[in-house]
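Here are some notes to read with the model open beside you. Take the points in order and find each one on screen before moving on.

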Protein chains: 2
Amino acid sequence: MNYPNKIKKTTQKQINYSNRGMDLEQLINETNEYYVENDIALIYKKPTPIGISEAVYTEHGRVIKNGYFKAPSTLDYNGIYRKKYIEFEAKETQSTTSFPLANFHEHQLNYIRKVLKHGGICFVIIRMNGTVFLLPAESLVYFLDHFERKSIPYSYIEEKSYPIKEFYNPALDYLKVVDEIYFKGE
Amino acid sequence: MNYPNKIKKTTQKQINYSNRGMDLEQLINETNEYYVENDIALIYKKPTPIGISEAVYTEHGRVIKNGYFKAPSTLDYNGIYRKKYIEFEAKETQSTTSFPLANFHEHQLNYIRKVLKHGGICFVIIRMNGTVFLLPAESLVYFLDHFERKSIPYSYIEEKSYPIKEFYNPALDYLKVVDEIYFKGE
């Protein structure tokens with residue numbers, strides 16, 4: 001493989017730090033690694049789609065010299081669990097009263113409906129007020145269809161979602177909650 | 001969204017042209033768009049994983065100034081079809097006698113076994129000798145386990161895979177073949 005391990009990653013830390021939602025993402029990534037290692041599920045974060053406007057060939061292979069981030073039209077994570085297709089998004093908000101729908105791109109909200117239509121397990125993991133919630137996509141779609149609001153009140157999230165406990169290993173065992181919601185009685 | 005539409009993509013075409021397997025990829029991408037538009041399946045190519053060693057903020061948002069390509073450890077395409085998880089890789093070779101296994105990264109071959117174990121539909125689309133084949137992952141794994149060879153003879157591919165017809169719209173209706181193999185009698 002031609003990729004340059006030797007490129008100095010001096011600015012990496014600074015970049016990560018500026019990503020809103022990085023901590024929740026880390027918890028989920030670590031949890032997904034645990035799931036893969038223990039043969040529980042195959043769930044991965046999709047790479048961020050990148051547009052390349054300039055690339056050059058170097059001794060390390062092809063290197064991007066000008067690239068930009070594209071808006072994702074699907075959700076961040078997908079994979080397979082207990083033979084089922086699973087797809088979800090993870091978001092955190094500093095707001096204590098409501099979850100702004102601007103956290104989603106318009107395409108993503110339409111996409112969520114499609115995943116449900118095709119029989120996939122779909123949800124949003126929301127960290128808010130110090131709690132991590134699993135909000136089933138069905139409840140999100142219901143909200144979109146019945147309320148003309150730009151944010152979901154915290155009371156709705158509390159009522160319709162399931163808390164995910166933060167723990168040591170795995171860090172955020174969201175599949176335990178998925179078991180309760182989607183595989184009850186199996 | 002902060003991404004710079006105005007960046008000139010003068011080198012884009014040249015870059016794409018240098019990608020081996022671009023034509024097969026284009027056929028599959030167009031087919032996947034057809035499937036999404038017609039509500040048949042949700043299958044997408046995963047973005048190539050990128051490592052960022054330098055990024056700057058510009059008037060267009062965050063722009064990558066130094067990025068490199070990472071080796072993928074999963075397969076190129078995944079999604080949902082008829083409520084089932086589906087994942088596959090697409091490869092073409094100029095060789096007429098055998099398909100080199102060097103087309104896969106080591107991680108990918110292990111990963112294929114895992115997808116099967118978790119109950120996913122998994123295969124490789126191979127273009128070779130002017131024909132597009134769908135080789136079920138089960139037959140690929142069987143070959144790996146029973147033959148210590150660095151390439152799959154064309155005769156094995158012909159025997160174990162299913163031809164996919166190239167057509168107009170969709171360009172490469174591989175789900176028709178998936179129906180025959182994985183949903184027979186349903």
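1. Start with a pair of neighbours in chain B: strand β2 (residues 50-58) of chain B runs antiparallel to β3(B), and the two share 8 bridges. Strands here are DSSP runs of E with at least two residues, helices are runs of H or I with at least four, and both are numbered from the N terminus. Strands count as paired if DSSP finds at least two bridges between them. A hairpin of 2 residues links β2(B) to β3(B), and Ala55(B) sits opposite Ile64(B) in β3(B).

2. A word on the ground rules. This is a predicted model, where local features need pLDDT of at least 70, side-chain atom pairs count only at pLDDT 80 or more, and totals for chains, interfaces and linings use all residues. Residues are numbered from 1 along each chain as its sequence is written, while chains are lettered from A and ligands numbered from 1 in the order in which they are written.

3. Now look across to the other chain. Strand β3 (residues 61-69) of chain A pairs with strand β3 (residues 61-69) of chain B in the antiparallel sense, over 4 bridges. Ile64(B) turns up again here, as the bridge partner of Gly67(A). If pairing is new to you: strands of a sheet pair through backbone hydrogen bonds, either parallel or antiparallel.

4. Next, find the open sheet of 6 strands in chain B, ordered β1-β4-β5-β7-β8-β10, with mixed pairing. Its edges are β1 (41-45) and β10 (162-164) of chain B, each of which pairs on one side only. From one strand to the next, the twist averages 25°.

5. Inside that sheet, strand β7 (residues 121-128) of chain B and strand β8 (residues 131-136) of chain B are antiparallel over 6 bridges. Val124(B) stands opposite Leu135(B) in β8(B). Helix α4 (residues 137-146) of chain B packs on the sheet and touches β7 and β8 of chain B, where contact means C-beta atoms, placed from the backbone, within 7 Å.

6. Over in chain A, how many residues of strand β1 (residues 41-45) of chain A are buried? The count is 4 of the 5, so the strand is largely enclosed by the rest of the structure. Buried means 20 or more other C-beta atoms within 10 Å of a residue's own, exposed means 12 or fewer, and partly exposed is in between. β1(A) pairs antiparallel with strand β4 (residues 77-81) of chain A over 5 bridges, with Lys45(A) opposite Tyr77(A) in β4(A).

7. The largest nonpolar core has 80 residues, and Phe88(A), Ile125(A), Phe88(B) and Ile125(B) have the most contacts inside it. Such a core is a set of buried Ala, Val, Leu, Ile, Met, Phe, Trp, Tyr and Cys residues joined through C-beta atoms within 7 Å. Leaving out residues up to four places away in sequence, Ile125(B) touches several others, including Phe88(B), Val132(B) and Tyr174(B).

8. Thr96(A) is exposed, with 9 other C-beta atoms within 10 Å. Beyond its neighbours within four places in sequence, Thr96(A) is in contact with Asn129(A) and Tyr154(A).

Note on methods
Axes are lines fitted to C-alpha atoms, for helices over the stretch in contact, and angles run from 0 to 180 degrees between N-to-C directions. Two residues are in contact if their C-beta atoms, placed from the backbone, lie within 7 Å.
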